[in-house]
Amino acid sequence: MKVRVHVSLKPGVLDPQGRAVHHALEGLGFAGVNDVRVGRLIELDVADGTTDAELDEMCRRLLANMVIENYRIEKPETV
Amino acid sequence: MAAFRAAVVTFPGSNCDRDMAVALEKVSGVAPIRVWHGDADLPERLDFIALPGGFSYGDYLRSGAMAANSPIMRAVREAADRGVPVLGVCNGFQVLTEAGLLPGALMRNARQNFICRTAPLKVENTQSLFTAGYEQGATIHIPVAHHDGNFFADQATLDRLEGEGRVAMRYLDNLNGSQRDIAGILNEGGNVMGMMPHPERAVEPDHGGSDGRVLFESVVRALAMA
């Protein structure tokens, strides 16, 4: 089963990388970009039957740092 | 006093482990035991554990995230819980936050730049076993070399750190965007300290300064009295 984990910075946590990308987009002449946040996409191939609780634990214990990041799990029916 | 028994943990990608070992030996007179991250156990009866700087696991996922889950970290956590002093410098600080032994997180520097220079710091807490040798409010100069040193914690955690005197050191010029200029913090018990600047790179005049030596002297003295 393929699962995607989207990791993003929590709202309110400054994102220096996003700010630099925002600045670079403006430098390329793209007007009207209000904000840029850079996150991470992790694709997992896990055994069928892996539970949501197990996926949550993987995210909380390693894939995301809950001090600064949120995560969202995307499963096959939604991929 | 029995001989000072310190351990320096090496992770794949650590690069300040030797400097840390040399600094500890210079100050204590005893060479620390070198420990590999894949070891399941630490040597017995340790007085001190150091997690050195570097780029463990190439900073994959997040700085310190992989190392925080190394086999040796279970033993480090147990030792810290028993009150054994643990110092994490630079990547070692990142490992301690990722392992949950210290609060907060170390994010990319605010200006995205790798910063490598000597930074002036203010010593905020001189009650800890790591900082007892400094004068309260002293300005010291310690080298920094990091890309991810931007300390972040939520406001409640920051207030708590300040209220409990657990901010050990602050940057005089906030070079990396750290919340409240924080350069180093202590855990609740005062036996775990993390700091981004490198005290082991300032232990003798030939290093350009020896302000870091005081930290190691403080540790050795505190343990001699214990």
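Which strands of chain B do the buried residues of helix 3 of chain B pack against? They pack against strand 3 (48–51), strand 4, strand 5 (105–107) and strand 11 of chain B. Helices (H or I, at least four residues) and strands (E, at least two) are DSSP runs, numbered from the N terminus.

## Model and conventions

This is a predicted model, in which local features need pLDDT of at least 70 and side-chain atom pairs count only at pLDDT 80 or more, while totals for chains, interfaces and linings use all residues. Residues are numbered from 1 along each chain as its sequence is written, and chains are lettered from A and ligands numbered from 1 in the order in which they are written.

The scores of the model are ipTM 0.85 and pTM 0.94. For chain B the mean pLDDT is 96, with 100% of residues at 70 or more; pLDDT is the predictor's confidence in each residue, from 0 to 100.

## Chain B as a whole

Chain B contains five helices and 11 strands. The C-alpha trace of chain B spans about 45 × 40 × 35 Å along its principal axes. A compact globule of 226 residues would have a radius of gyration near 17 Å, and the 16 Å of chain B agrees with this. The radius of gyration is taken over C-alpha atoms, and the globule rule is 2.2 Å times the number of residues to the power 0.38.

Of the 226 residues in chain B, 55% count as buried. A residue is buried if 20 or more other C-beta atoms lie within 10 Å of its own, exposed if 12 or fewer, and partly exposed in between, with C-beta atoms placed from the backbone. Among contacts in chain B with a separation of 6 or more, 75% are between residues 24 or more positions apart. Two residues are in contact if their C-beta atoms, placed from the backbone, lie within 7 Å.

## The sheet of chain B

Nine strands of chain B form an open sheet with mixed pairing, in the order 2-1-3-4-11-10-9-6-7. Strand 2 (33–36) and strand 7 (139–146) of chain B are at the edges with a single partner strand each, so one side of each has no neighbour in the sheet. From one strand to the next the twist averages 25°; axes are lines fitted to C-alpha atoms, for helices over the stretch in contact, and angles run from 0 to 180 degrees between N-to-C directions. Two strands pair if DSSP finds at least two bridges between them.

Strand 4 (residues 86–89) and strand 11 (residues 192–195) of chain B run parallel and are joined by four bridges. One bridge pairs B:Gly88 with B:Gly194 in strand 11 of chain B.

## Strand 10 and its partners

Strand 10 (residues 182–186) of chain B is largely enclosed by the rest of the structure, because five of its five residues are buried. Strand 9 (residues 167–171) of chain B pairs with strand 10 of chain B in the antiparallel sense over three bridges. B:Met169 has B:Gly184 in strand 10 of chain B as its bridge partner.

Strand 10 of chain B is also antiparallel to strand 11 of chain B, with three bridges between them. B:Leu186 is opposite B:Met193 in strand 11 of chain B. The hairpin of these two strands has five residues between the strands, and there B:Gly190 has a positive phi near 80°.

## Helix 3 of chain B

Helix 3 (residues 91–98) of chain B is mostly covered, with eight of its eight residues buried. Among them are B:Phe93, B:Val95 and B:Leu96. After helix 3 of chain B comes B:Gly100, with a positive phi near 80°.

## Chain A and the interface

Chain A has two helices and three strands, in the pattern β-α-β-α-β along the sequence. A compact globule of 79 residues would have a radius of gyration near 12 Å, but chain A has 16 Å. Buried residues account for 9% of the 79 residues in chain A.

Eight residues of chain A are in contact with 14 residues of chain B. On chain B, the residues that touch chain A are six nonpolar, four polar and four charged. Ala, Val, Leu, Ile, Met, Phe, Trp, Tyr, Cys and Pro count as nonpolar, Asp, Glu, Lys and Arg as charged, and the others, Gly among them, as polar.

B:Phe152 is in strand 8 (residues 150–152) of chain B and counts as buried, with 22 C-beta neighbours inside 10 Å. Not counting residues up to four places away in sequence, B:Phe152 touches residues including A:Val13, A:Ile68 and B:Gln179.
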